[in-house]
Amino acid sequence: MEKKSGHDTKKRGKKYRASLKKFDITKNYTFPEACQLVKDTSYTKFDSSVDLAVNLGVDPAHADQMVRGAVPLPHGIGKTIRVVVFARGDKAAEAEKAGADSVGADDLATKIQEGWMDFDTVVATPDMMGVVGKLGKVLGPRGLMPNPKLGTVTFEVGKAIKELKAGRTEYRADKGGIVHALIGKASFSAEQLAENGQVVMDALMRAKPASVKGMYLKKITLSASMGPGVKIDPAVYRT
């Protein structure tokens, strides 16, 4: 029986197969090299997103091994982020001044319950979580529930909004221990992608759970939308 690989091309289009010829799929590259290759192999008509996938040696089923967070990127993520904020009084005024796209309390919750979803992320002050909690069935499945670990449940609403607007990426280990993080667009320079990616890798290293035994960084892959994955040498980051 023929062994299938992650780059099985039988069901792939001509452009994908052509992009595979531009690099060695068995080789581990440096981060800057991988960024340039991802740009070279991106073939979509739209400006592809660039995704960093890191396979970690963690078991997310254990609460003390969940790796999750958010980090501002020096060059942003290449898209405009629409931010809604649940706050009252002075904090609502602070949110409006910082550039929030919509600010409210019960009125905003009602609007969302009625189907309005023209936003990308939600920020809430801690005292508003009773109101936001009622939207769990709407926001939860979309990954939009505010979370203290992501800095979206905070009284520092101005700071949170500015970071989100400037371009911040979130990361979270899935059931298989793989973290996906958006680090920019194919239109970014290789240097910009590499600098954004380095910030994410630094954050992941800082987030290493104390309870992890054995190898923490197993595999690192970079890819553009619909494009092939380019492997990055994880040994550079291992300590």
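## Terms and model

Two strands pair if DSSP finds at least two bridges between them. Helices (H or I, at least four residues) and strands (E, at least two) are DSSP runs, numbered from the N terminus. This is a predicted model: local features need pLDDT of at least 70, side-chain atom pairs count only at pLDDT 80 or more, and totals for chains, interfaces and linings use all residues. Residues are numbered from 1 along each chain as its sequence is written, and side-chain values use heavy atoms, with hydrogens and water left out.

## The sheet

Ala-53 has Thr-221 in β8 as its bridge partner. Strands β1 (residues 49-56) and β8 (residues 217-224) run antiparallel and are joined by 7 bridges.

An open sheet of 4 strands has the order β7-β1-β8-β9, with antiparallel pairing. Its edge strands, β7 (178-185) and β9 (230-232), each pair on one side only. On average, neighbouring strands of this sheet are turned by 25 degrees against each other, direction ignored. Axes are lines fitted to C-alpha atoms, for helices over the stretch in contact, and angles run from 0 to 180 degrees between N-to-C directions.

## Helices on the sheet

Helix α2 (residues 31-41) lies across β1, β7, β8 and β9. It runs at about 30 degrees to β8. Helix α8 (residues 190-206) also packs on the sheet, touching β1, β7 and β8 (contact: heavy atoms within 4.5 Å). The direction of α8 makes about 155 degrees with that of β7.

## The whole protein

The protein has 8 helices and 9 strands. Its C-alpha trace spans about 60 × 45 × 35 Å along the principal axes.
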